Amino acid sequence: MSSLPAKGGPRPAGAPSGVSPFVNALLGEERSALLQRVVEGLPSETLHWLSGYLAGLAAQRPAQESAPTAVPQAAPEQWLTIIYGTQTGNSLLLAERLKHQAEASGITVRLFRASDYPVRELQRERVLYVVISTQGDGDPPDDSRGFVEFILGKRAPKLEQLRFSVLGLGDTSYPKFCEVSRKLDARFAELGGSRLLDRADCDVDFEPVAQGWLDQAVGRAGEQLTARATTAVVTPLRTAPPAPKHGKEAPFAAEILANQRITGRGALKDVRHIELSLGDSALSYEPGDSLGVWPTNSPELVAEFLSTLSANGSTEIRRDGRTLPLKQWLAEELELTKLSKPVLERHAALSGSAELKRMLTPEGAESFRALLKSHQVIDVLRSWPAPWTAEELVRTLRKLTPRSYSIASSQKRVGAEAHLTVAVVDYTAFGTRHTGTASYYLATRNGETDRVRVFIEPNERFRVPKDSERDIIMIGPGTGVAPFRAFAQERAETGARGRNWLFFGEQHFRTQFLYQTEWQEALKKGELHRISLAFSRDQAEKIYVQQRLREAGKDLYAWLEGGAHLYVCGDAQRMAPDVHEALIDVISTHGGRSREDAEAWLSTLRDEQRYQRDVY
């Protein structure tokens, strides 16, 4: 750090004497002046000591989501602005990659999470890229709801000056694939913006489409921003940590320490508690993070495909520059359970089925939606026979992708381990057995011989409060309780003084009270202060967690008014919307607010990261 003025030019207006333009831009005029008064007249050895002291402070601060960005010294219209919205972190990954590629090309970049973007600046933007995912039935990520609502709403300004493009992430096994990116793209154009390049929509295997869009996006932005802004680079006070040696593309082969069924005899669901050793991988995680698991398809399902296709598993087939036997493609490389729209479109064409073709029209949308929920790929192959060749099927099926599971442990308690709570998908449909790819894979692993390929998926938007005095309310029915086991362990190990309240629900108390003895022990030790339970099938009238929320509404609202943080984890399709409605009712009833005001108050909690969800 230097207090010397910049050489070779007049001092910027308003800058205190002796303060560089960069320091003034970084800290603001008031703090810059204060800094100058503090260091003025100090000997060099004292300044050196202060630099070390500040570096020590920096080392104690938690790392930010991304590296410090350059501070532009030019007008805002010379910036490339990137806005991302993410639920699982993939949009952030691509947005940061775009930022780094653009900066390497000499472009000044501003990167914002959608919830942090000041929408008043939209009219000043010249080049804007949005990278955003679509959740569930066409919904935006939680961190993007306010931004999306503003753009789609009446308050959005005219944007004739804007050059933009949108990169969407989604899943073609859902009917409203990339619905959010499609709406934003159309709305920006409606407001007068001009597309720098066409919108790109990525499936779960997003890399091939995304990288092509990123490369074009950098080139087009460079053409628009010909007048490069001079940039003052922020140099971190500490060295950035090295990139982990294990990640999505280089997973760690974890040993299985435990694979225990935690639902009782006679339970309709098989739920497993799985403990994995992270060994010497150096993988670390925080409560709220997920573990990515690379599964393989079951041998039984692979055999069914080969039989249905009357195909030879040893046939060599080439795709994406690789040649493998058909059996290996089916076992290790391709998605065999989740049905997607591109697969169905090709199957409809090959089979000539008028029924399938109608499902793919707007008039058949409901039938299409139902088919995606009820059928796996093998069901479609059997129900509507088609002359697939092995080569074409390998080219058409999606690549197998990792599955994510909320981590059910705190490293402060379990060390170099990661615990998972896995509901095994195993049911009969159309006269045959069906299993879930990853859950069945995990449930059938042999701890003596098998290893599970894993990596950490951080979730910065699902964290225990930094202020340990804060109370927390955790709503996690079924396996949604997993991260709250981690939260409770973390709060106990760190000596957090805030109270912990858990809402849990399942079908039956006797056979499906997940981690029952642990919660009872936590209550005795004061590590859990309150638990509200809902077992839907133990009485004539079904009772769910949202009913317990309403019953405890007075206390629940008092906790929230007192600053408590609220968390929801689990099913996105039914549970999360029902819980959200119950919360609005509680706030309206016990806070004396209209429904509109209650919704606004809950939105404020979300913006303040006091209402966080991890739903799927």
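## Nonpolar cores and helix packing

Phe305, Leu330, Leu336, Leu339 and Leu397 touch the most other members of the largest nonpolar core, which has 32 residues. Such a core is a set of buried Ala, Val, Leu, Ile, Met, Phe, Trp, Tyr and Cys residues joined through side-chain atoms within 4.5 Å; buried means under 20% relative accessible area, exposed over 50%, partly exposed in between (1.4 Å probe, protein chains only). Two or more residues each come from helices H8 (299-309), H9 (326-333), H10 (341-351), H11 (354-359), H12 (365-374), H13 (377-383) and H14 (390-396). H8 gives the most, with 5 residues. Helices (H or I, at least four residues) and strands (E, at least two) are DSSP runs, numbered from the N terminus.

This is a predicted model, in which local features need pLDDT of at least 70 and side-chain atom pairs count only at pLDDT 80 or more, while totals for chains, interfaces and linings use all residues. Residues are numbered from 1 along each chain as its sequence is written, and side-chain values use heavy atoms, with hydrogens and water left out.

Leaving aside neighbours within four places in sequence, Phe305 is in contact (heavy atoms within 4.5 Å) with Leu330, Leu336, Val377, Ile378, Leu381 and Leu393. Another core, of 30 residues, lies apart from this one and includes Val568, Ala582, Ile587 and Ala598.

Two helix pairs are listed below. Axes are lines fitted to C-alpha atoms, for helices over the stretch in contact, and angles run from 0 to 180 degrees between N-to-C directions.

| Pair | Angle | Axes |
|---|---|---|
| H8 and H9 | about 135 degrees | 10 Å apart |
| H5 (145-152) and H6 (179-190) | roughly 40 degrees | within 10 Å |

H8 and H9 are therefore oblique to each other; angles under 35 degrees count as roughly parallel, over 145 as roughly antiparallel, 65 to 115 as roughly perpendicular and the rest as oblique. In H8, Val302, Phe305 and Leu306 meet Leu326, Lys327, Leu330 and Ala331 of H9. The residues of that contact divide into 6 nonpolar, no polar and 1 charged.

H5 and H6 meet through Phe147, Val148, Ile151 and Leu152 on H5 and Val180, Lys183, Leu184, Arg187 and Phe188 on H6.

Two residues stand out by backbone geometry. Phe430, not a glycine, has a positive phi of about 55 degrees and is found in the loop between strands S16 (426-429) and S17 (432-435). Tyr515 has a positive phi near 60 degrees, and is found in the loop between helices H18 (509-512) and H19 (516-525). At 7% relative accessibility, Tyr515 counts as buried.

Key:
Nonpolar A, V, L, I, M, F, W, Y, C, P; charged D, E, K, R; others polar.
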